[in-house]
Amino acid sequence: MEGGGGSCGSAGGGGSGPRAESGAGWLLRGRDAGLRDPLGTSGLRTKHTTDSPAEYVLKVSNTESSKTPDLIEVQSHIMMFLRAAGFPTASVCRTKGGNITSLVSIDSGSEIKSYLVRLLTYLPGRPIAEIPVSPQLLYEIGRLAAKLDKALEKFHHPKLSSLHRENFIWNLKNVPLLEKCLHVLGPSRNQEIVKQVLQLFKNEVMTKFSHFRECINHGDLNDHNILMESSKSAFGDVIYQVSGILDFDDMSYGYYVFEVAIAIMYMMIESENPMHVGGHVLAGFESVIPLTPVERGALFLLVCSRFCQSLVIALYSCQLHPENEEYLMVTAKTGWKHLQQMFDMGQKAVEEIWFETAKSYESGISM
């Protein structure tokens with residue numbers, strides 16, 4: 001769950017955080033505990049269990065995101081569309097009046113704030129961050145990302161234009177917005193790397209946008225937003241399969257190559273062999289949607305740029321909300337190290353690993 005708004009001043013989240021929608025998130029404990037808007041526009045959630053066997057998630061969008069009901073409506077319909085297409089997304093429960101959201105007003109004492117509330121079905125499983133990640137699982141994540149984007153080619157809605165989020169700081173198109181946040185890094189190697197990535201992005205990626213193929217992106221397929229369930233094979237081996245896709249708050253129009261770059265970056269976070277992750281994810285993605293040479297050529301810088309987005313915005317948000325440091329700094333635990341390693345190795349060396357690994361799947365011998 002990334003969250004965030006149009007500039008660092010309204011950015012929240014910052015890397016993968018707790019899986020609130022799968023039941024681990026925040027409980028609403030009263031007017032000043034759950035509804036303080038600590039995380040930009042990412043919203044708050046709580047698991048709710050009734051006396052029946054069914055379990056639900058009460059998703060409360062904070063005041064900022066509650067101002068964009070059209071966007072939330074489209075995101076909700078996308079979840080329902082994908083579920084009907086066979087993807088493991090939550091169902092959106094309708095109100096007695098047939099609506100998918102309800103507007104709730106809370107009197108905080110000094111003012112009345114309004115929140116959009118939705119009830120979603122609970123998805124079982126553990127996040128990828130908590131299980132051993134194999135090359136085959138990385139391949140399947142890449143394949144899932146591509147299949148999701150491919151399925152959304154057929155999605156239509158009268159308010160679809162709300163996904164054109166021009167100043168949304170988590171859209172990879174808007175990486176240059178990070179320049180407003182760089183002061184939080186102070187004079188450091190990290191700041192120098194981010195500055196160089198931003199310049200390369202402007203010179204070598206933005207100039208190629210017109211050559212990328214557009215699509216609707218989930219935008220946040222991170223290691224806490226994909227749930228897995230395990231089973232035993234006939235040989236007694238543990239097999240994992242995707243049981244849930246969470247957090248559609250960051251959906252926007254982007255490009256196919258954005259989705260695979262985001263997935264690669266987040267799968268690197270938990271990996272013991274991060275530089276090899278990209279090839280397995282890319283192979284899975286290209287088994288559904290092969291990238292063009294221009295898109296492939298931008299992949300390295302897009303992964304670096306996503307690291308920069310997650311790390312810089314997390315640090316900025318942490319200064320605004322130090323009480324959320326544990327949540328906000330999840331990616332930072334390994335993210336800076338991975339970004340520095342990518343930068344030290346250079347684009348050519350990293351691409352060689354990725355592309356050779358992806359190519360090995362064509363011959364049936366995965367590296």
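A residue counts as buried when its relative accessible area is under 20%. By that cut-off Asp247 is buried, because its relative accessible area is 2%. The structure is a predicted model. Asp247 sits in the loop between strand E9 (238–245) and strand E10 (252–255). Its phi is near 60 degrees, a positive value in a residue other than glycine.

Two further buried positions lie in helices. Leu148 belongs to helix H2 (residues 135–151). Its relative accessibility is 0%, so Leu148 also counts as buried. Beyond its neighbours within four places in sequence, Leu148 is in contact with Leu82, Phe87, His218 and Ile245. Leu148 and Glu259 are 111 residues apart in sequence, yet their C-alpha atoms are 9.7 Å apart in space. Gln191 is found in helix H3. With a relative accessible area of 11%, Gln191 is buried. Its contacts, leaving aside neighbours within four places in sequence, are Leu182, Leu185 and Gly186.

The largest nonpolar core contains 105 residues. Ile78 and Met342 have the most contacts inside this core. Helix H6 (residues 293–320) supplies the largest share of the core, 15 residues. Ile78 touches residues from well beyond its own stretch of sequence: leaving aside neighbours within four places, its contacts are Leu152, Phe155, Leu163, Ile216, Phe248 and Met251.

Helix H6 also packs against other helices. The axes of H3 (residues 189–205) and H6 come within 10 Å and cross at roughly 135 degrees. H3 is therefore oblique to H6. The crossing of H3 past H6 is left-handed. On the H3 side, the contact involves Val194, Val197, Leu200, Phe201, Glu204 and Val205. These meet Leu301, Leu302, Cys304, Ser305, Cys308 and Val312 in H6. By class, the contact of H3 with H6 has 10 nonpolar, 1 polar and 1 charged residues.

Helix H9 (residues 347–362) is another partner of H6. Here the packing angle is about 115 degrees, and the axes are 10 Å apart. H6 passes H9 in a right-handed crossing. From H6, the residues in contact are Arg296, Gly297, Leu299, Phe300, Leu301 and Val303. From H9 they are Gln347, Val350, Glu351, Trp354, Phe355 and Ala358. The contact of H6 with H9 divides into 8 nonpolar, 2 polar and 2 charged residues. Leu301 of H6 takes part in the contact with H3 and in the contact with H9.

Helix H2, which holds Leu148, packs against helix H5 (residues 277–286). Their axes are 6 Å apart, at an angle of about 45 degrees. H2 is therefore oblique to H5. The crossing of H2 past H5 is right-handed. H2 contributes Pro135, Leu138, Tyr139, Gly142, Arg143, Ala145 and Ala146 to the contact. H5 contributes Val277, His280, Val281, Ala283, Gly284 and Phe285. By class, the contact of H2 with H5 has 9 nonpolar, 3 polar and 1 charged residues.

Definitions and conventions
Residues are numbered from 1 along each chain as its sequence is written. This is a predicted model: local features need pLDDT of at least 70, side-chain atom pairs count only at pLDDT 80 or more; totals for chains, interfaces and linings use all residues. Side-chain values use heavy atoms; hydrogens and water are left out. A nonpolar core is a set of buried Ala, Val, Leu, Ile, Met, Phe, Trp, Tyr and Cys residues joined through side-chain atoms within 4.5 Å. Buried means under 20% relative accessible area, exposed over 50%, partly exposed in between (1.4 Å probe, protein chains only). Helices (H or I, at least four residues) and strands (E, at least two) are DSSP runs, numbered from the N terminus. Contact means heavy atoms within 4.5 Å. Axes are lines fitted to C-alpha atoms, for helices over the stretch in contact, and angles run from 0 to 180 degrees between N-to-C directions. Angles under 35 degrees count as roughly parallel, over 145 as roughly antiparallel, 65 to 115 as roughly perpendicular and the rest as oblique. A crossing is left-handed if the near helix is turned anticlockwise from the far one by less than a right angle, and right-handed if clockwise. Ala, Val, Leu, Ile, Met, Phe, Trp, Tyr, Cys and Pro count as nonpolar, Asp, Glu, Lys and Arg as charged, and the others, Gly among them, as polar.
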